[in-house]
Amino acid sequence: MRVTVRLTPAGLRDARALLSLVAARELRDVEPAGEWTTVSVPVESLDHALVDLLRLGPDAEVLEPPELRDRVVARLTDMAAVYRR
């Protein structure tokens, strides 16, 4: 399975260190294309992708698939609710 993500230059750097070895290899030769670079990376599952991509914080935005984007939004909403208490 593959996901499409926009990454800042810092997000691209961190993705190479924090994502799977397969994804890191694919990102090895990607050069930043301005403020954001759109990439497609392999993931083991949506569950793994959710956890891995959240580690990149605001330096990553999930674009596809919509289900993963929705799960990221839901998780961030839940986290924000905890910190607002």
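Ala23 touches Val41 and Pro42, leaving aside residues up to four places away in sequence; contact here means heavy atoms within 4.5 Å. The model is predicted: local features need pLDDT of at least 70, side-chain atom pairs count only at pLDDT 80 or more, and totals for chains, interfaces and linings use all residues. Residues are numbered from 1 along each chain as its sequence is written, and side-chain values use heavy atoms, with hydrogens and water left out.

Ala23 is found in helix H2. Helices (H or I, at least four residues) and strands (E, at least two) are DSSP runs, numbered from the N terminus. Ala23 has 1% relative accessibility and so counts as buried. The cut-offs are under 20% relative accessible area for buried, over 50% for exposed, and partly exposed in between, with a 1.4 Å probe and protein chains only. Ala23 and Tyr83 are 60 residues apart in sequence, and their C-alpha atoms are 32 Å apart in space.

H1 spans residues 9-18, and its buried residues are Gly11, Leu12 and Ala15. Seen down the axis of H1, these buried residues fall within an arc of 100°, so they line one face of the helix. The arc is that of the directions from the helix axis to the C-beta atoms. Arg13 and Ala17 are exposed on the other side of H1. The cover over the buried residues of H1 includes strand E1 (2-7) and helix H2 (21-27).

In H3, the buried residues are Leu46, Ala49, Leu50 and Leu53. They fall within an arc of 105° seen down the axis of H3, so they line one face of the helix. E1, E3 and H4 are among the elements that cover the buried residues of H3. An α-helix has 3.6 residues a turn, so residues three or four places apart point the same way.

Thr8 lies in the loop between E1 and H1. Its relative accessibility is 12%, so Thr8 counts as buried. A polar atom of the Thr8 side chain lies 2.9 Å from the backbone nitrogen of Gly11. A polar contact is a pair of N or O atoms within 3.5 Å; within protein, one must be able to donate a hydrogen and the other to accept it, and residues adjacent in sequence count only if both atoms are side-chain atoms. Beyond its neighbours within four places in sequence, Thr8 is in contact with Glu35, Trp36 and Asp59.

Glu35 lies in the loop between H2 and E2. Glu35 is exposed, with a relative accessible area of 67%. Not counting residues up to four places away in sequence, Glu35 touches Leu7, Thr8 and Pro9.

Thr37 lies in strand E2, residues 37-42. At 7% relative accessibility, Thr37 is buried. A polar atom of its side chain lies 2.7 Å from the backbone nitrogen of Ala33. With residues up to four places away in sequence set aside, Thr37 touches Val5, Arg6, Leu7, Val30, Glu31 and Pro32.

**The largest pocket**

The largest pocket has a volume of about 220 Å³. On a 1 Å grid over the protein atoms alone, a pocket is an open set of points where a 1.4 Å probe fits, with protein on both sides within 12 Å along at least five of seven lines; lining residues have an atom within 4 Å of a point. Grid points are joined across faces, edges and corners, and the volume is the space filled by probe spheres set on the points.

The lining consists of Leu53, Leu54, Gly57, Pro58, Ala60, Glu61, Val62, Arg69, Val72, Val73 and Leu76. Helix H3 (46-54), strand E3 (60-64) and helix H4 (66-84) each supply at least two lining residues. H4 gives the largest share, 4 residues. The lining divides into 8 nonpolar, 1 polar and 2 charged residues. Ala, Val, Leu, Ile, Met, Phe, Trp, Tyr, Cys and Pro count as nonpolar, Asp, Glu, Lys and Arg as charged, and the others, Gly among them, as polar.

Leu76 lies in helix H4. Leu76 is partly exposed, at 43% relative accessibility.

Two C-alpha separations follow.

| Pair | Apart in sequence | C-alpha to C-alpha |
|---|---|---|
| Glu35 and Thr8 | 27 residues | 5.7 Å |
| Leu76 and Leu54 | 22 residues | 8.7 Å |

**A cis peptide bond**

Glu64 and Pro65 are joined by a cis peptide bond, with omega about -5°. Pro65 is found in the loop between E3 and H4.
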